[in-house]
Protein chains: 2
Amino acid sequence: MSNYTVIFQPVNRQIQVKPGTTLLEAAHQAGIHINASCGGAGVCGKCRVKVESGKTTGGKSEKLSAADYDNGIRLACATQVEGDVSLRLLDESGLLEGGLALDVPRRHRALLHYFDIEELRRQGIFVPPVEKLFLELPRPAATDNMADAGRIVLGLKNQYDERRLIISLAVMRKIRRILREQDFKVTVTLARPVHEQGKTHLVNIQPGNWIDRNFGLAIDIGTTTIWGQLMDLRSGRILARAGDYNGQISYGEDVINRIIQAEKPRGLELMQELVAATINKVIDAMLTEAAINRDEIDSVTLAGNTTMTHLFLGLEPNNIRRAPYVPVSTFFPPIRATDLGLQLSQHAIALLYPSISSYVGGDIVAGVMGSGMYRTDKLTLFVDIGTNAEIVIGSREWLVCAACSAGPAFEGGGISHGMRAASGAISDCSLHPKSFEPMLTTIDHKPPIGICGSGLLIIVAALFERGLLDQRGKFVRERETPRIREGKSGYEFVLVRRDEAGIDQDIVLNEVDIQNFIRAKAAIFAGVKTLIEEVGLEVSDIEQIILAGAFGSFIDLDSAMTVGLLPEVDPAKILYVGNGSLMGAGMSELSNHIRRDVVAVVQRMTSFELSEVNNFKDQYVASLFLPHTDRSIFPEVSKRLNKSREISA
Amino acid sequence: MSNYTVIFQPVNRQIQVKPGTTLLEAAHQAGIHINASCGGAGVCGKCRVKVESGKTTGGKSEKLSAADYDNGIRLACATQVEGDVSLRLLDESGLLEGGLALDVPRRHRALLHYFDIEELRRQGIFVPPVEKLFLELPRPAATDNMADAGRIVLGLKNQYDERRLIISLAVMRKIRRILREQDFKVTVTLARPVHEQGKTHLVNIQPGNWIDRNFGLAIDIGTTTIWGQLMDLRSGRILARAGDYNGQISYGEDVINRIIQAEKPRGLELMQELVAATINKVIDAMLTEAAINRDEIDSVTLAGNTTMTHLFLGLEPNNIRRAPYVPVSTFFPPIRATDLGLQLSQHAIALLYPSISSYVGGDIVAGVMGSGMYRTDKLTLFVDIGTNAEIVIGSREWLVCAACSAGPAFEGGGISHGMRAASGAISDCSLHPKSFEPMLTTIDHKPPIGICGSGLLIIVAALFERGLLDQRGKFVRERETPRIREGKSGYEFVLVRRDEAGIDQDIVLNEVDIQNFIRAKAAIFAGVKTLIEEVGLEVSDIEQIILAGAFGSFIDLDSAMTVGLLPEVDPAKILYVGNGSLMGAGMSELSNHIRRDVVAVVQRMTSFELSEVNNFKDQYVASLFLPHTDRSIFPEVSKRLNKSREISA
């Protein structure tokens with residue numbers, strides 16, 4: 001379906017939108033503010049516009065008289081674009097006065113960085129760790145009665161120049177029969193060594209030619225969700241994807257609670273079985289989708305945080321949650337998949353991404369590998385924002401990393417009306433520059449019931465930009481607006497009034513919430529600043545940012561810089577890698593070079609325990625401001641702030 | 001106990017013997033013939049001598065009058081030496097006439113070649129493949145919160161310069177607890193790689209210091225018997241030995257019948273379980289004897305013929321018994337001992353000696369390694385004589401090998417009165433140079449019931465030396481002696497008359513028996529001659545012979561050369577290594593260099609399929625003579641024959 005053009009009068013601004021986009025969304029994208037408190041649920045009745053021509057659907061409401069409707073008046077939040085549309089903004093609250101409605105900032109989200117199989121090919125590193133080769137061998141004769149295994153080894157040497165092979169017992173046990181099943185024509189599966197000096201393992205043998213059936217799995221073991229992808233190792237294509245909630249979740253939402261469970265009698269075995277069972281479910285779903293037999297899976301790469309990796313391997317995680325936070329191991333040997341309870345063939349080998357420390361895990365290492373950060377010349381900041389934010393800084397030359405405890409603010413925790421990014425969560429917001437009336441967007445256009453992390457970020461940035469918050473995150477008492485009032489927890493901003501909300505109370509953001517948010521962003525920024533200064537550089541030297549994790553895709557980059565969560569970088573140089581852990585696991589399935597490189601990358605990655613760096617505490621205190629005590633490190637933000645403060649003064 | 005001196009009169013010959021030696025044995029050792037048909041059982045009454053002084057016991061018999069006994073007359077075969085003795089030979093059958101009784105040849109048995117741990121030390125190759133090291137590690141701290149595994153790896157690097165380590169999952173699972181059990185003082189068990197480029201595996205961890213408890217097993221998987229030794233890998237000492245019948249034996253005595261069993265439904269699993277059960281019994285016996293816990297066994301090396309190795313590993317042996325005799329494999333990867341049904345700890349690794357071909361197995365390779373043949377400068381013939389004789393020829397520079405089917409003659413098979421080397425078997429024999437009356441020795445001095453392999457060899461040689469057999473192995477009809485007669489299967493020599501035997505018939509050796517014997521020795525000699533000529537040398541170039549296998553220790557070397565079984569070599573240069581397979585397995589437990597070298601040795605060992613060598617058939621036909629068609633290759637034998645023929649003419 002092609003896009004439609006929406007023209008906004010009287011300002012004569014136009015924009016291309018997808019069919020079904022609401023007029024409110026279109027206005028937001030066009031940078032036009034329309035008051036709207038109910039998040040697009042058609043409840044507040046404030047977002048009235050007049051459709052002058054073009055096809056739309058919806059837009060009826062009890063807030064709208066029949067006469068108005070006949071006259072082309074619609075609620076923008078409830079009207080979908082179904083053709084080229086021309087509409088007129090109704091200047092009901094003096095919005096258009098002086099063009100003030102026209103400064104809704106455009107949202108800049110990070111560019112999605114795709115997994116690029118062609119790039120692997122170009123670089124010559126598309127060398128799957130598991131390969132199938134077809135052999136036509138001479139039949140044994142009186143003058144040539146070499147052993148079956150030796151015959152295969154010689155054939156591989158003569159036909160493919162393969163050397164340094166080791167044949168597993170499982171293969172030896174079936175080699176005689178299978179060689180003779182199709183007259184000494186066989187397909188052998190070779191598993192490449194991670195290290196160049198290692199041996200190639202001959203892990204499977206099949207009668208006839210099967211070289212076009214060679215499959216591998218990549219699994220991201222998330223604390224909440226486990227994701228997998230099934231890959232054709234010959235073409236590099238992803239044949240199926242699946243995800244499911246980690247079966248451990250009923251024993252606690254975070255890693256600390258999982259560790260506590262694992263410390264109980266038989267708890268570790270239980271945690272291991274639960275995560276293995278979920279992985280098996282995910283694998284089953286993918287095998288069914290792609291119509292592939294489980295015996296055809298020759299390889300699986302998994303990545304997870306350090307606790308998830310420990311629980312999956314059955315390693316005691318006890319000291320991960322106790323100072324000085326010592327994991328059992330950060331490197332893991334190749335392991336038979338069946339030894340871990342995975343329902344795969346005896347010959348399938350599981351490879352686990354190495355971790356860096358208790359709180360910088362294999363998921364982050366996988367992200368660094370999958371995003372190509374370890375090969376870039378640009379000084380890059382990689383950050384995965386969650387309750388624990390993991391930070392990696394560096395380039396192909398060096399890498400430093402740390403974890404910082406941001407707290408749950410970005411996931412809605414510790415915020416009075418905070419919530420996860422679910423239906424009814426306020427996910428975007430613009431404030432009228434004079435009246436400070438909000439234009440809210442909610443997920444699924446449901447009446448607002450709370451604020452999700454990405455919405456919180458934008459709201460705090462908007463309040464600060466409009467001059468309603470001072471640098472310390474306190475409401476500016478002099479600002480007289482009915483939306484700011486004194487509540488139970490100090491001053492608060494009323495985002496949604498009870499009658500427009502999906503809950504039975506006003507939705508507000510108070511100063512305690514804002515302090516929690518600031519502490520979260522300060523922890524991350526202070527981590528970044530501490531790390532980069534530890535290597536003798538400045539945050540302004542950062543040339544590129546890579547965001548990973550679910551939150552990353554929703555972050556408005558300008559807001560993130562306005563509040564001082566991310567250092568100031570051209571938004572075009574901020575990439576989003578999505579599930580970096582799954583991406584890295586998948587790339588390891590397709591490139592044995594990456595499996596090799598990861599060892600060197602991990603070994604040269606210097607891990608900092610921020611609590612042990614003297615400077616960190618000072619950095620943290622200096623970051624407890626919007627955007628920072630030192631405005632000079634946010635020059636562009638300062639300019640923008642000055643401009644918007646002027647308008648809203 | 002010190003030895004006693006026995007003096008024989010009137011010939012004034014004396015000899016040192018052990019207490020309890022019979023006078024007949026003493027005469028035999030002194031090279032003095034005394035007629036004796038009953039093998040030392042006191043039945044025939046022929047071996048009368050007069051004890052003139054000294055202490056003896058026994059010697060009474062119903063064949064001896066009380067007067068004779070009082071007069072000092074004794075049956076030599078039933079009288080034990082218990083002090084220095086002087087005795088007089090009674091020239092009852094003209095034996096002493098012309099000194100004829102004085103040419104009983106001294107038996108030359110091969111010198112036992114011991115396993116020499118000190119030699120390994122001197123050569124600097126006493127490097128057990130499994131080593132234990134004690135570590136005192138620093139406790140984790142806020143400024144040093146490296147992972148537990150990394151702490152051990154760093155400790156090993158700093159304290160012992162150990163590098164390239166890999167830690168198994170089983171160890172990782174207990175590492176956290178064990179490290180903290182004795183304040184970060186631990187003993188780690190390292191398994192060295194077979195290949196220098198490989199990684200060292202950290203296979204076990206124990207709290208505290210256990211470096212003096214490091215044990216390994218060596219196992220010889222024989223078709224009939226399984227032998228084991230338990231070794232202290234630190235001192236090299238053998239702490240226990242045990243043996244038991246291979247549990248497969250009720251399914252057939254030879255490898256062919258075992259293969260037939262394995263081809264039946266579930267037969268291979270059954271054969272595998274039976275041999276594993278026997279090995280477990282042998283291991284249990286040794287652990288009990290040495291009072292060692294089974295978890296303290298870190299390594300086991302096993303050697304067996306190709307069929308036994310296949311059955312133990314569960315590899316289909318089907319094509320071993322079918323032309324062109326193709327085994328599944330000749331090289332075997334390291335395998336978890338528990339995967340093979342061995343009741344050892346999860347971390348114990350089983351290493352199997354590689355084979356050369358279907359009929360030159362890991363037992364022979366182990367013998368070549370254990371005897372040091374692969375390191376010698378001397379051109380050496382290694383031969384293990386049994387139903388299948390395996391031959392290896394060469395030195396440190398090159399090695400060639402072959403198996404030849406000798407048939408069961410050396411084990412008593414296909415011989416009218418043949419038997420295994422058990423009580424009552426005739427094991428030695430001398431013939432009176434004129435009367436051809438025999439002087440027989442039986443095992444355990446029991447009345448004779450048959451002829452064992454080593455006895456057969458001596459008897460055929462004696463008949464040939466005395467001129468009773470011609471070069472083709474036929475009795476010389478002109479020789480008139482009551483001991484040669486025409487029987488059911490042609491001419492025969494009566495060794496024991498019914499009334500002197502332990503069975504109810506005469507014990508004879510006929511021409512068919514002798515032909516079977518000649519075919520057996522011809523197959524082996526033709527194999528040796530073919531092999532050595534294939535590499536452009538002559539049998540006379542052989543400088544040293546190493547005998548392996550049970551039969552080897554009983555072979556009278558002169559007789560073996562007289563009949564043309566072994567090439568002519570100074571008997572002092574013939575070594576016997578006993579169970580070469582067990583010896584080689586044991587040395588692999590003590591020297592990782594030998595584990596490495598074996599791969600190179602096997603790869604440079606050229607295997608010949610004798611049936612495919614044109615020359616072999618001619619060589620075989622030429623060898624169907626005593627000692628050979630071509631007398632010139634037995635110059636010393638020819639001289640000896642001429643001399644004894646002269647006496648007996």
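An open sheet of seven strands is found in chain B, with mixed pairing and the order β8-β29-β28-β19-β20-β21-β30. The model is a predicted one. At the edges of this sheet stand β8 (111–112) and β30 (605–607) of chain B, and each of them pairs on one side only. Within the sheet, strand β28 (residues 544–548) of chain B runs parallel to strand β29 (residues 574–576) of chain B. Three bridges join these two strands. In β29(B), the residue opposite B:I546 is B:L575.

Chain A holds an open sheet of six strands. Its order is β15-β14-β13-β16-β18-β17, again with mixed pairing. The edge strands here are β15 (238–245) and β17 (335–336) of chain A, and each pairs on one side only. Strand β14 (residues 225–232) of chain A is antiparallel to β15(A), and seven bridges join the pair. A:L230 has A:A240, in β15(A), as its bridge partner. A helix packs on this sheet: α7(A) touches β13 (215–221), β14 and β15 of chain A. The direction of α7(A) makes about 145° with that of β15(A).

Helix α7 (residues 267–290) of chain A also meets helix α6 (residues 255–262) of chain A. The two axes come within 7 Å and cross at roughly 125°. That angle makes α6(A) oblique to α7(A). From α6(A), the contact is made by A:R258, A:Q261 and A:A262. From α7(A), A:G267, A:L268 and A:M271 take part. By class, the residues of this contact are three nonpolar, two polar and one charged.

At the level of the whole chain, chain A is divided into four parts: domain 1 (4–104), domain 2 (129–207), domain 3 (215–362) and domain 4 (372–576 + 613–649). The centres of domain 1 and domain 4 of chain A, taken over C-alpha atoms, are separated by 29 Å. These two domains touch: 19 residues of domain 1 of chain A are in contact with 21 residues of domain 4 of chain A. On the domain 1 side, the touching residues divide into ten nonpolar, eight polar and one charged.

The two chains meet as well. In chain A, 39 residues are in contact with 39 residues of chain B. Three elements of chain A each supply at least two residues of the side that touches chain B: α4 (148–160), β10 (165–167) and α5 (169–181). The most comes from α5(A), with six residues. In this side of chain A, 21 residues are nonpolar, ten are polar and eight are charged.

The arrangement of the copies was then examined. Two copies of a chain are related by a rotation about an axis and a shift along it. Here, chain A is superposed on chain B by a rotation of 180° with 0.1 Å of shift along its axis, at an RMSD of 0.2 Å. This is the relation of a two-fold axis. The interface fits that picture of the pair. Of the interface residues of chain A, 100% are also interface residues in chain B, so the copies meet through the same surface.

Definitions and conventions
Residues are numbered from 1 along each chain as its sequence is written. Chains are lettered from A and ligands numbered from 1 in the order in which they are written. This is a predicted model: local features need pLDDT of at least 70, side-chain atom pairs count only at pLDDT 80 or more; totals for chains, interfaces and linings use all residues. Two residues are in contact if their C-beta atoms, placed from the backbone, lie within 7 Å. Helices (H or I, at least four residues) and strands (E, at least two) are DSSP runs, numbered from the N terminus. Ala, Val, Leu, Ile, Met, Phe, Trp, Tyr, Cys and Pro count as nonpolar, Asp, Glu, Lys and Arg as charged, and the others, Gly among them, as polar. Domain bounds come from an automatic or database domain assignment. Copies are superposed by least squares on the C-alpha atoms of residues with pLDDT of at least 70 in both. Axes are lines fitted to C-alpha atoms, for helices over the stretch in contact, and angles run from 0 to 180 degrees between N-to-C directions. Angles under 35 degrees count as roughly parallel, over 145 as roughly antiparallel, 65 to 115 as roughly perpendicular and the rest as oblique. Two strands pair if DSSP finds at least two bridges between them.
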